[in-house]
Amino acid sequence: MTDTPPIKIRLDKLVKRFPGQARPAVEELSLEIPEGEILILVGPSGCGKTTTMKMINRLIEPTSGRILLDDEDVTHGDPDKLRRRIGYVIQQIGLFPHQTIAQNIATVPGLLGWSKERIAARVDELIGLVGMDPADYRDRYPKQLSGGQRQRIGVARAMSADPDVMLMDEPFGAIDPITRDRLQNEFLRLQAEIKKTIVFVTHDIDEAIKMGDRIAILREGSQIAQFDTPERILVNPADEFVSDFIGRGASLKRLSLSRVRDIEPSTWPTVTVGDDPAVARRTLEETDRGSLLVLDEHGAPRSWVTAEHLQRSSGIDGGLPVATVGSAATLSDTLNEMLTARYSTAVVVDDTGRYTGVVDIDTINEAIRGMRSAERERQRSSLAKGAAT
Amino acid sequence: MTIAVEQLDVGLRRRTALGWLVTPAVLVAVLVALWLIVAGRQLDSIEERRVNLAFIGVAAMEHLTLTAVSTLLVLVIAIPLGVLLTRPSARRITGPALAVFNVGQAIPSIGLLVILAIVWDVGFWPAVVALVAYSALPVLRNTMVGIQQVDESVVESGRGMGLSRLQVLTRIELPLAVPVILTGLRTALVINVGTATIAALVNAGGFGGIIITGLVQNRQLVTLVGSVLTAVLALAIDYLGRVAEEVLRPRGL
């Protein structure tokens, strides 16, 4: 794996034994976490994933083993100082209810002795960064925020002193599915800018696949069942435990890994609203597709028309509704749009809403086949390499 | 749904400005009524000696001093002890410590007062000791409950951000425990105002002196004046305690 970035966090034979428990919660775990990536620790409840994460900032002290951050052994020394270097987000968020949003975010910068002006500027920057209006929100109390807004502030607070590393324990676990989806997307967009090293704990394999650059699937005792990219885990689960954990529909899940912009959209014959119906009829006769895509004067898709529509009306108007997707939509979302619209073709639009191409079931099928053969190719070449050495 | 619940919540917690005036108005009305009853009666010499403003003023001062000093001592003893007992390292002695304070409250205060008078002395300080023993438990217990009821996730996120144990205590746990601790203090104050009446038995003065005189010398008016004044004082202090809770409650809760 030559594409691996430098290692940010190294866990070296980490063991955690809680008093009065026969089996250690974490049994000799060694793990290397690459810089600037989201590493997901995922596994069934009780597998020790949260314990593992909390040992990184030493909220739980390891029984034995070492933690290295930037190749520096941080297993001993002041845990409070260590924690100020590491952002921490938990499912219950834990905002201080008696402090305003600004005071909450200012906690760590205050501990680090930043000047008042610098803290105030940082607070406003962060509230803006998580998509909220600083003037409106900085003096509010946590109780006056919705669950999704609190979670955003929780993330902002964790980033307050600009730590390289962030630990997130099921950060979107307690939020309704729609808001969760939005927050996940926002966070991925944010991460593309800030490039933190993130250790992210979840029990939800779908969230792991969506959020992770790399996933460590853990079984009891925090033993690594498989540690790989989401694609490779889905295509090639290491054993029965992993495939059981991924559950059914691995192929469907793979669809959430590819985006519309990753595949080649096909084209479709189009007409514009003001065009002569006779021209439109001719275009329709020339193509083997059974319909035309109507665009408005700005190039945004409006409707599908068939020969029937063109005969009935004098101008080009009416027709069947169009399902549109952006170029950042996942194939899974796209497929969903198609099924919802009862039309096997989704229209791809750019940021301004203009038509750029179409995606149909065949295109998606092609994409899945491509992923499979790419994976087979990779396995074959690694086998060949293994045989050569 | 949510909005309705929130409004109800606010309605229960926040009194209107008018609501805050009800208690003082009632207390003043009671005092005026008492004044009218006393003024409308021909007082005999015994009554005259007890029921006059100068004597009542001295008794009120004694009563307030007893209450204030004992509550202050309770505050100084019970709050730090309550904090200590919630520390994880003190978990072992929490049970025994609470048992000791339970005994303090379980012994009838009059019994304790008499014992103290026999083995030690009569007067102000023995009375204060009896009051402290009697009223320390609510403050101690409320301090502990107040700290323990702080949401664990808030403490965890504080620790996770790099606040030390002491910083978590002073910046998060104590401020969030303030409402519960204040309720405990108000309870102690009211207990002390009431119990201070029996301090007169060991020569520590207060409104209790007026009540006892009335009973011993069979002057119902004197007893009435003493009891009503004690009740009004207790209610007034309870009211002031509520005002303090309202003012000192951390914003955002």
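Which residue takes a positive phi in the hairpin of β4(A) and β5(A)? That one gets its own panel below, after a quick look at each chain. Keep in mind throughout that this is a predicted model.

**Figure 1. Chain B is a helical chain, with 11 helices and zero strands.** Read from the N terminus on, its elements simply go α-α-α-α-α-α-α-α-α-α-α. The box for the C-alpha atoms here is roughly 75 × 50 × 25 Å, again along the principal axes. Of the 253 residues in chain B, 36% count as buried. For contacts in chain B between residues at least 6 apart in sequence, 76% link residues at least 24 apart.

**Figure 2. Four strands of chain A make an open antiparallel sheet in the order β2-β1-β4-β5.** At the edges sit β2 (26–34) and β5 (72–73) of chain A, each pairing on one side only. Further in, β1(A) and β4(A) pair in the antiparallel sense over five bridges. One place to look is A:Val15, whose bridge partner in β4(A) is A:Ser64. There's a helix in this view too: α1 (residues 49–56) of chain A lies across β1 (7–16), β2 and β4 of chain A. Relative to β1(A), helix α1 of chain A runs at about 120°.

**Figure 3. The hairpin of β4(A) and β5(A) has two residues between the strands.** Here's the reply to the opening question: A:Asp70 takes a positive phi near 55°. Strand β4 (residues 64–69) of chain A and β5(A) are held in antiparallel pairing by two bridges. Zoom in on A:Leu68 and you'll find A:Asp73 of β5(A) standing opposite.

**Figure 4. A second open sheet in chain A has three strands, ordered β11-β12-β13, with mixed pairing.** The edge strands are β11 (270–272) and β13 (301–306) of chain A, and each pairs on one side only. From one strand to the next, the twist averages 35°. Strand β12 (residues 291–295) of chain A runs antiparallel to β13(A), and five bridges join the two. To pick out one pair in this panel, go to A:Leu292: its bridge partner in β13(A) is A:Val305.

**Figure 5. Helix α4 (residues 53–86) of chain B packs against helix α7 (residues 124–148) of chain B.** How do these two helices meet, in angle and axis distance? The angle is about 40°, and the axes are 7 Å apart. That angle makes α4(B) oblique to α7(B). As for handedness, α4(B) passes α7(B) in a right-handed crossing. The residues of the contact between α4(B) and α7(B) divide into 20 nonpolar, six polar and no charged.

**Figure 6. B:Ile212 sits in helix α10 (residues 207–216) of chain B.** Is this residue buried, exposed or partly exposed? B:Ile212 comes out as partly exposed, because 17 other C-beta atoms lie within 10 Å, while the cut-off for buried is 20 or more and for exposed 12 or fewer. B:Ile212 and B:Leu174 are 38 residues apart in sequence, and their C-alpha atoms are 42 Å apart in space.

**Figure 7. The contact between the chains takes 20 residues from chain A and 16 residues from chain B.** On the side of chain A that touches chain B, the elements giving two or more residues are α2 (79–84), β6 (86–90) and α4 (107–111) of chain A. Which of these elements gives the most? That's α2(A), with four residues. Sorted by class, the side of chain A that touches chain B has nine nonpolar, six polar and five charged residues.

Key:
Residues numbered from 1 in each chain as written. Chains lettered and ligands numbered in written order. Predicted model: local features only at pLDDT ≥ 70, side-chain atom pairs only at ≥ 80, totals over all residues. Axes fitted to C-alpha atoms, helices over the stretch in contact; angles between N-to-C directions. Parallel < 35°, antiparallel > 145°, perpendicular 65-115°, else oblique. Left-handed = near helix turned anticlockwise from the far one by under 90°. Nonpolar A, V, L, I, M, F, W, Y, C, P; charged D, E, K, R; others polar. Pairing = 2+ DSSP bridges. Contact = placed C-beta atoms within 7 Å.
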